[in-house]
Amino acid sequence: MRIVVCIKPVRTEMVYKTEDRNEKYTFNPYDLYALEQSLSLKKLDDSIEIIALSMGPMDAQHLLVKSLAMGCDDGIILNDSAFIGSDTLATSYVLATAIKKLNKVDLIVCGAKSIDGETGQVVFGIAERLKLNCIQHLKKVIGFEDDKLILEQENGDRRLDLSLNLPAVIAFKDFTLKQPDISLLLHKRAKQKGIKIWNADDIEADGNKIGNKGSKTKVIGVRNIVTKRERTIVNGSIADKAKYLTELLSLGSNIKN
Amino acid sequence: MNIDKIAVICDSEDYDSQYILQLITKARSLADYDNSKVLVCCVGPYHKEKLQNLSRFGADTIIICERPNVTDVWMYSDIISEMLREHMPDMAIFPASDFGKEIAAIISTVFEAGLTADCIDIKRNKNNEVSFYRAALNDSVIAEIQCKDSAIRLCTVKKGIFVESILEDRERCNIERFPYEITYNNKNPVQILESKKISNNKIVDINKYEIVFCVGRGVKKVSTYKRIEDLSKRFGAVVAGTRVAVEEGFINKEYQIGQSGKSVSPKIYVGFGISGASQHIVGIINSGIIVAINKEENAPIFQYADCSIVADIDDILDEIEKII
Ligand SMILES: Cc1cc2nc3c(=O)[nH]c(=O)nc-3n(C[C@H](O)[C@H](O)[C@H](O)COP(=O)(O)OP(=O)(O)OC[C@H]3O[C@@H](n4cnc5c(N)ncnc54)[C@H](O)[C@@H]3O)c2cc1C
């Protein structure tokens with residue numbers, strides 16, 4: 001069985017605010033969850049081949065190396081200046097085109113959405129382009145039975161165990177903020193193995209369907225809605241600060257908003 | 001850009017649900033801007049009164065594909081695609097239900113048309129284009145989005161954003177049956193092996209508390225957590241946490257505050273060792289007084305707080321325990 005996991009690199013500061021990470025990009029937390037679930041299948045059957053696929057800048061290469069270290073068999077970064085500015089439609093085109101080139105893929109795995117785009121549209125875009133069935137809201141992989149994948153889905157207030165015919169596109173619903181633990185040795189081996197870099201020509205992409213040119217939406221502007229407050233800094237010694245807080249809490253329900 | 005026709009795409013369940021009526025009302029008001037028409041696309045049983053009711057909210061033409069219970073997204077999308085191809089509206093509005101969003105994403109791919117998800121407003125703008133507005137970046141900003149090079153502008157709209165309203169003196173509208181032949185074979189990709197209702201016996205209402213103590217990664221020791229818990233009892237507060245505190249195991253998921261947890265609006269919120277990520281802040285912005293305790297003077301949470309206390313949590317707790 002051949003599985004492709006689509007991973008979006010997102011800016012590190014969107015996920016980890018305070019930790020001083022020196023990497024500009026990190027895994028989209030939803031995709032990291034999907035990747036971990038996919039790798040759990042490999043534990044059941046080592047012959048399963050898992051390919052990590054990302055469209056993104058070269059600064060995000062290390063995420064594919066990490067994916068290899070976590071257990072993926074191949075890592076591919078789709079990088080081309082012509083891909084820059086792709087909206088969900090152009091993105092699903094690029095990913096689906098690369099998947100077509102990979103040939104004989106049984107399962108395509110995605111996260112529910114990306115934390116910077118938050119649309120969840122790419123999954124269905126890929127499925128439509130590849131004319132494959134698609135299911136989402138998956139919680140976990142249970143296993144497989146004669147070429148069918150057994151999955152747990154959480155849909156509204158129901159938990160379902162499903163048996164899915166392949167090929168198909170699936171999306172998990174959850175995310176994780178825990179960085180994978182990767183040993184130095186595995187990381188080194190992954191680096192030696194190396195990842196593949198494909199550009200628009202490599203996947204034979206139609207130049208009119210990618211990047212800004214292929215995008216059908218444009219962001220006109222953004223407006224902040226979270227208002228900052230008039231801040232009072234509580235000065236003095238620790239004892240003063242404690243006293244201030246205790247007094248405030250004692251007022252409790254008498255405070256009028 | 002002239003908009004001649006605006007389509008509203010109904011959900012698989014009721015085509016006259018309150019949600020759909022909200023969308024029709026909004027489509028009507030947008031259509032009035034340049035005297036254009038509102039087309040409503042339905043799939044389901046032919047129910048005359050229900051269909052006629054749609055016109056009272058602003059539908060000019062209704063097309064219905066008479067097919068009960070189409071729950072397969074691919075068949076539904078196929079029907080909608082044919083309807084749109086035949087009537088070619090300039091814009092189509094879908095409900096942002098799971099089903100609506102799936103259909104919209106497929107239609108966007110089929111028509112190579114721009115799609116904006118989860119809109120909270122739609123307006124005609126100065127340049128006479130249609131602007132779609134949606135919350136972005138963890139609900140911290142509103143983005144204005146327009147379509148380009150798209151024959152149809154697509155959007156999904158959140159529930160409860162627009163208010164449905166009945167129009168006076170509406171003439172009966174056209175109701176057309178839309179024939180559809182299944183052109184593709186659907187081999188039913190999934191079988192359900194088991195289905196259980198997720199028991200919700202642990203519904204926790206953190207909003208009944210007037211004081212919320214929220215712990216973050218800055219609370220590292222169990223002993224510190226216990227001290228905060230003791231303090232909370234003294235003031236009748238509830239102890240909740242950030243996503244990190246939940247993943248670290250200090251706090252139960254039911255008590256997580258923020259974008260992927262709950263929103264709170266207590267009289268007093270006290271954050272213990274919380275950095276102030278936007279995913280957390282969106283859950284506390286409606287609080288009365290926001291107090292933040294953080295040892296870093298530059299912690300982002302201080303920008304959203306009314307009272308900033310720069311201190312180590314354990315040091316503060318030592319002093320508070322002396323006072324009370
Ligand atoms: C899709 C998605 C959804 C999310 N949803 C949520 C959500 O619903 N709710 C949520 O909370 N988060 C959510 N997050 C996570 C969010 O991005 C942040 O990672 C999280 O809120 C940070 O939690 P924190 O403030 O506890 O930890 P950190 O960011 O690590 O901050 C810890 C703070 O404690 C301070 N500190 C450390 N030690 C001490 C001490 N001894 N005394 C005083 N201060 C100290 C530090 O200075 C630091 O500012 C989500 C993330 C994603 C990607």
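## Chain A, chain B and the ligand between them

Tutor: Let's start in chain A, where E118(A) sits in the loop between β6 (107-110) and α5 (122-130). Helices (H or I, at least four residues) and strands (E, at least two) are DSSP runs, numbered from the N terminus. This is a predicted model, in which local features need pLDDT of at least 70, side-chain atom pairs count only at pLDDT 80 or more, and totals for chains, interfaces and linings use all residues. Residues are numbered from 1 along each chain as its sequence is written, chains are lettered from A and ligands numbered from 1 in the order in which they are written, and side-chain values use heavy atoms, with hydrogens and water left out.

Student: What makes the phi of E118(A) worth a remark?

Tutor: Phi is near 55° there, a positive value in a residue other than glycine.

Student: Why is the meeting of D157(A) and K197(B) called a salt bridge?

Tutor: The rule asks for a side-chain nitrogen of Lys or Arg within 4 Å of a carboxyl oxygen of Asp or Glu. The N to O distance for D157(A) and K197(B) is 2.6 Å, so the pair qualifies. Across the interface of chain B and chain A, the rule finds four salt bridges.

Student: How do you know which residues of chain B count as being in contact with chain A?

Tutor: Contact means heavy atoms within 4.5 Å. By that test, 91 residues of chain B touch 79 residues of chain A.

Student: What makes β12 of chain A and β7 of chain B a strand pair?

Tutor: Two strands pair if DSSP finds at least two bridges between them. Here seven bridges join β12 (residues 217-224) of chain A to β7 (residues 141-147) of chain B, so they pair, running antiparallel. In β7(B), A143(B) is the bridge partner of V222(A).

Student: And the ligand: where does it lie?

Tutor: The ligand lies between chains A and B.

Note on methods:
Near = heavy atom within 4 Å.
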